[in-house]
Amino acid sequence: MKRSISMECSSLFKRAPPDDEMESENVNVCSSSFTAGDFAGDASLANSVVSIDLEAQQRDTLSLLMVDGDKVQEQDDELSITAHTALQLIFIFWIMTTPATCMIICLWVLRSIWAAAVSFHLFACLLLPYAYMRLCFSNEHALDLLRKLLRNPRRQAVLGCMYWLAFAGLGSAFYWMMGRLIIPNQHTIVEDLGISDDTSSVAFGLYFCSANPIVEEFFWRGFLVHALGKKEGMLWTISAMYASYHVVVLYALQFEPVLVGVCGVLLVVAGRLFSLLAGFSGVGSSALAHCAADMVIISVLFDWRYVQAHMRL
């Protein structure tokens, strides 16, 4: 009996560990659980810190990209053909005088309106600008200028059609309501300048309404604006030079000096208006507006030749 009781007691003592061992195990478990909790908290805190750093880096990168985009837009708006040296500025201002020079030589000396138009377009508006870009920069600058002038073609076409309707309507209404009373019929002078029959009249009208607005807007509102900059003073200077060669044409048609002066002022304003349209919606849209104005001019020539001539008969 004593032996069985001692065996049971020994088994009980073996199953139940001492209290200090239990306390040590509890302490180890708690410490291990505390360590794991601390590790999980530190990991989540580290992840949050990393995510905050990533968000800050993304914001900084986005701000840098926005700043770089603004810089690219500014560089894109101001092309690299801008004249910086005195020699380049002299070259540009000499180019601006060549349209009036072509008109003086061809209308006053050669007495040919065809020679005036072709030399003005090919020599003054195309060849000399290309020579400036080729000599001072490179062919890539010329191609870059064309790409930027032809940007957003759909927008330029839509707004250009609106400008065309406005200019054609207002110009035609002004001429047929008031212009015929102010502008004298100079049909005989036009015939002396080479537009003497129906074929030449139609051919010149088609050429003048199609090629002239495109070439002129490229020259006055495209090339010169980007070569001299977009400051207000330069834009008005370009508009004044734009009006100057028209004044030579009006004198060749023997208009009265007062009428030539009034038309010269209006042409300066018109040139500045075309530059506003080109700056807002592109050179293509201003070319369509210019086309409408040229069509009004051709309608005046046809009115001189056909309508008023038959009225006199």
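How many helices and how many strands are there in the chain? There are 11 helices and 0 strands, where helices (H or I, at least four residues) and strands (E, at least two) are DSSP runs numbered from the N terminus. The model is predicted: local features need pLDDT of at least 70 and side-chain atom pairs count only at pLDDT 80 or more, while totals for chains, interfaces and linings use all residues. Residues are numbered from 1 along each chain as its sequence is written, and side-chain values use heavy atoms, with hydrogens and water left out.

Of the chain's 313 residues, 35% count as buried, that is, under 20% relative accessible area with a 1.4 Å probe, protein chains only. Among contacts (heavy atoms within 4.5 Å) between residues at least 6 apart in sequence, 82% join residues at least 24 apart.

The structure also holds 1 cavity of 30 Å³ or more. A cavity is a set of points, on a 1 Å grid over the protein atoms alone, where a 1.4 Å probe fits but cannot get out; its lining residues have an atom within 4 Å of a point. The largest cavity contains about 110 Å³ of space, a volume being the space filled by probe spheres set on the points, which are joined across faces, edges and corners.

Residues lining the largest cavity include His187, Phe204, Trp304 and Arg305. Two or more lining residues come from each of helix H7 (187-192), helix H8 (198-228) and helix H11 (283-312). H11 gives the most, with 5 residues.

Definitions and conventions:
1 Å grid on protein atoms, 1.4 Å probe; cavity = no way out; pocket = protein on both sides within 12 Å on 5 of 7 lines; lining within 4 Å. Buried < 20%, exposed > 50% of the residue type's maximum accessible area, 1.4 Å probe, protein only.
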